[in-house]
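Thanks for coming. Please look at the screen.

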Amino acid sequence: MAGQQFQYDDSGNTFFYFLTSFVGLIVIPATYYLWPRDQNAEQIRLKSLRRVHGRCLWYRLRLMKSQQSIVPTLKKAALLFGWAVFLLLAYKVSKLEREYQEYNPYEVLNLDPGASLSEIKKQYRVLSLKFHPDKGGDEATFMRIAKAYAALTNEQSRQNWLIHGNPDGPGATSFGIALPAWIVDQKNSMLVLLVYGLAFMVILPVVVGTWWYRSIRYSGDQILINTTQLFMHFMYKTPNMNMKRLAMVLTAAFEFDPRSNKEATIRPTDNIEVPQLIRELGNINVKKKEPPFCYPYSLKARVLVLAHLARMDVSEELEEDQRFVVRKSPALLQEMINVGCQLTMMANSRGEKHEGFHAPRLVTIENCMKLTQMIVQGLQESKSPLLQLPHFEEEHLRYCISKKYKVRTLQDLVSLKDSDRRSMLRFLGEEKYDEVMAVLGSFPHITMDTKLQVLDDEDSNNITAGSIVTVTVTLTRKRMAVRNKTVRKQTAYGVALYIIIKCVVVLQEVVAATSTAAAKEEEDEASDKGSESDEGEANKDSPSERDEDSDKQSDTEVDEMAGDDEEEWEALQQSIQRRERALLETKSKVTHPVYSLYFPEEKQEWWWLYIADRRDQTLVSMPYHVCTLKDTEELEVHEAKAMLDNHPQWDIPDTEEEDEEQEDSDGIEESEDDDEDND
């Protein structure tokens, strides 16, 4: 390119600018993301949780990890070393001589700008006597002085300096490449070529290939694709899956196979310890030869899960493996729920034409949820939910289930009077009793408000057959207050299971009641129309009066319709804005720690929300995994059933009389159907 020169940096000065920028681009973001957070804040948080969660396994492991871990120290040391290199390079750059600076002849001659010609000549003579080569001066310095003198005295040189910034006139633009010249030196060509080939033809493909091979084996939820396919096969094969079968499918996951997951291990001592646990557990379908349930890794994982549910003691080596299996299980069970939902959607999309394809039953999906809670609490399905509390053992339950107290659930315990509760728990000392009350008071109590709407409809509150109903659910979490009379009874495994199962029942009741109310409103409207017409025939008014009444009535109806339209429009706009905010807002999944005595990891309170048809044992909506409920959460639940092909309400009659008769009959039929659903 004309007028331009490209050259490598012989002095190496430009390379330091490049190296400083490169190190800064790495060190600054790494410090922001990798610098260990305030350890004191974590210690303060753990200290605040000690009164309630002090006996939990995850809490004790967290305290041990915070005391023994050296990872934060290593991170700090590495980041400090990076900052030291960055500051050293920045200091080196600040000391480099500036090669590209504006030429100023007055500065070269040590004169003030605007000096007279006589002052310039006088200063030139003084500097010439000092720096002339014949007088023993430096030749390069004398050449700069002579060039500066010419720029101020010679008219042509002065014009070049003023216009081009150089007394010699316009010159070629020089571009320095921020790499040392030795990189392209002929002597080092083979070495540089070898380094480039090793970096870009060996190391980079190996790193990218390894990352790609590992990433394609996992789903977005970090579950092995082979595990997802395994779950789909068995849930399709066994739509109605009991708890024992579900545990077998769970522990057959490839996450527990050492060939697929390096975290999983098979120890030589397993041949002795696992059979001993099998004898203690009893019948766990050991003789079943169906693969992969008969594989050693699956059998070991199943034994460890069942031992965890039975709260059995295991050896130290097996305890480490058991914690790994238990820690992985909730995520795997959530994947099973997702697989069940996918199969349900496939079955709904195919409809009744494909009778050979059966969706998983509702009991299978709910068993996955139950098993998740059982594993988190380390409690078998048949055991009392009171065993979730600290200091409660099997022998203590006889005090609770006696005829005097009849306490079988946590809600029964909460509802007791203070004196009766203290008398029943007389086997606990004051300190232990206070701890039990603190734990019981920390359990969640969820209230739920529902709102049903048919969006994009003239009357959003009018629900008819085939309407796409949006159920807006507002969940509010509060702590369980002692002697809270509003808490309803639950099934086993504490509040979590109660909320999940009860959410479905409440939603079913609300939907059915709303449908019935809509049908009754239609009947009332039809009867009102009939009575008005009868009165009109009996009281035959004059034509003018009838016209005035009709005009007033039409004006009133127009105003009411306009007001209703404005309210519906505002509600729709608010709903759209709320959805947009929900899409843009990223909420933390850190909600409230679950009280779990035997779970090895801190577990947050998460919930499932869904609508189900108990009669058909099918899902109406896909389970929504609520992971961000701290205080209040508003959710929208959409129907997942296939659309109906026809319905009596969609038949359009030929005449107005047939239309009115059809409305009356449809309203009666709908109310009768809804009453049957409620029953």
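Start with helix H11, residues 243-251, and helix H15, residues 362-377, which pack at an angle of about 75° with their axes 10 Å apart. Helices here are DSSP runs of H or I with at least four residues, numbered from the N terminus. Axes are lines fitted to C-alpha atoms over the stretch in contact, and angles run from 0 to 180 degrees between N-to-C directions. H11 and H15 are therefore roughly perpendicular to each other; the classes are roughly parallel under 35 degrees, roughly antiparallel over 145, roughly perpendicular from 65 to 115, and oblique for the rest. On the H11 side, the contact (heavy atoms within 4.5 Å) is made by Met243, Leu246, Ala247 and Leu250, and on the H15 side by Asn367, Cys368, Lys370, Leu371, Met374 and Ile375. By type, these residues are eight nonpolar, one polar and one charged. Nonpolar covers Ala, Val, Leu, Ile, Met, Phe, Trp, Tyr, Cys and Pro, charged covers Asp, Glu, Lys and Arg, and the others, Gly among them, are polar.

Before I go on, the conditions. This is a predicted model, where local features need pLDDT of at least 70 and side-chain atom pairs count only at pLDDT 80 or more, while totals for chains, interfaces and linings use all residues. Residues are numbered from 1 along each chain as its sequence is written, and side-chain values use heavy atoms, with hydrogens and water left out.

Next, the loop between H11 and helix H12 (270-281), where Asp257 is found. Is Asp257 buried or exposed? Asp257 is buried, at a relative accessible area of 4%; buried means under 20%, exposed over 50%, and partly exposed in between, with a 1.4 Å probe and protein chains only. Leaving aside neighbours within four places in sequence, Asp257 is in contact with Ala264 and Tyr297.

H12 itself packs against helix H13, residues 296-309, at an angle of about 50°, with the axes 10 Å apart. That makes H12 oblique to H13. The contact uses Asp270, Val274, Leu277, Ile278 and Leu281 of H12, and Leu299, Lys300, Val303, Leu306 and Ala307 of H13. Eight of these residues are nonpolar, none polar and two charged.

Last, His233, which lies in helix H10, residues 225-237. His233 counts as partly exposed, at 44% relative accessibility. Its C-alpha atom is separated by 9.7 Å from that of Val339, 106 residues apart along the chain.

How values were computed:
Helices (H or I, at least four residues) and strands (E, at least two) are DSSP runs, numbered from the N terminus.
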